[in-house]
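Please look over the sequence and the model shown here before reading on. The report is meant to be read with both in view.

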Amino acid sequence: MDYPAVVMVLCLAGAVNRRVMIQPKERDTGWVEPANLWGAIVGPPGVMKTPVIQAITRPLVQIQTAWRQEYEQQLAEYERAVEESELTRSAWKDQFKASRKSGSAAPERPPEPPDKPKLRRLIVNDATFEALHQTMSANCAGVLLLRDELAGWLAGLERPGHEPERAFCLEAWNGKNPFTMDRIGRGTIHVPACCMSLFGGIQPGRLRSYMVDTLRDGP
């Protein structure tokens, strides 16, 4: 029973994240922590880790599916509105030029096109840290990184050249630090507070070997 219990706690943390802040001391209002958590269930192959994870996370998957359907509908309406706005603006430019030539009053400037809708997310499975940062910029409450096998995620962080990704994950574990990323071609993306919950399954042997390698040169 500890497997579904742990998954339920981590799913709750992943759904809440920064939506709830915890004040550990009653009178110390300056110390608050987000409700995100990192955790895992550890067990050998064949103990049904994956079916438990799939069963407990199903409500979050259903919520995210509903959000995606809502986003696709909003995106279709947005694209129609942008097309109408471009046609209206093109006609306005012609009318404005004609009014300047004739000396008549200029036509009223058409309104700006609507903002592009943002896809709400609860779960992320596999993403580069740049993409994860961009997802957090549209979901300021935080996300749940869900991996069926955590060993693969840990091994990816250990590859040479992934030092910035490890540092970013520690920022997201803290859940309170702002993070601004500047990239040529993508511009500047700012997240007021990077927050991520993490959950997955791992085999005892893989976890043991990973910890031995990590602690070989001292803590």
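## Basis of the description

This is a predicted model, in which local features need pLDDT of at least 70 and side-chain atom pairs count only at pLDDT 80 or more, while totals for chains, interfaces and linings use all residues. Residues are numbered from 1 along each chain as its sequence is written, and side-chain values use heavy atoms, with hydrogens and water left out.

## The sheet

Four strands form an open sheet in the order E3-E8-E5-E4, with parallel pairing; helices (H or I, at least four residues) and strands (E, at least two) are DSSP runs numbered from the N terminus, and two strands pair if DSSP finds at least two bridges between them. Strand E3 (38-42) and E4 stand at the edges with a single partner strand each, so one side of each has no neighbour in the sheet.

Strand E5 (residues 143-149) is mostly covered, as 5 of its 7 residues are buried, where buried means under 20% relative accessible area, exposed over 50% and partly exposed in between (1.4 Å probe, protein chains only). E5 is joined by 6 bridges to the parallel strand E8 (residues 196-202), and Val143 stands opposite Met196 in E8. Towards E4 (residues 123-124), which also runs parallel to E5, there are 2 bridges: Ile123 has Leu144 as its bridge partner, and Val124 has Leu145.

## The crossover and helix H3

Between E4 and E5 the chain passes through helix H3 (residues 129-138), and this β-α-β crossover is right-handed, a term used if, with the strands pointing away from the viewer, the path from the first strand over the helix to the second runs clockwise. The buried residues in H3 are Phe129, Leu132, His133, Thr135, Met136 and Ser137. Their cover includes E4, E5, H5, strand E6 (179-183), strand E7 (187-191) and E8.

## Helices H1 and H2

Two packed helices are described by the angle between their axes and the distance between the axes. For helix H1 (residues 2-16) and helix H2 (residues 49-102), the axes come within 9 Å and cross at roughly 35 degrees; axes are lines fitted to C-alpha atoms, for helices over the stretch in contact, and angles run from 0 to 180 degrees between N-to-C directions. The contact (heavy atoms within 4.5 Å) is made by Tyr3, Pro4, Val7, Met8, Cys11 and Ala15 of H1 together with Lys49, Val52, Ile53, Ile56, Thr57 and Leu60 of H2.

Thr57 lies in helix H2 and is buried, with a relative accessible area of 4%. Leaving aside residues up to four places away in sequence, Thr57 touches Val7, Cys11 and Leu146.

## Asn174 in helix H5

Asn174 belongs to helix H5 (residues 163-174) and is partly exposed, because its relative accessible area is 24%. Apart from residues up to four places away in sequence, Asn174 touches Glu33 and Pro34. The C-alpha atoms of Asn174 and Arg27 are separated by 22 Å, and these two residues are 147 residues apart along the chain.
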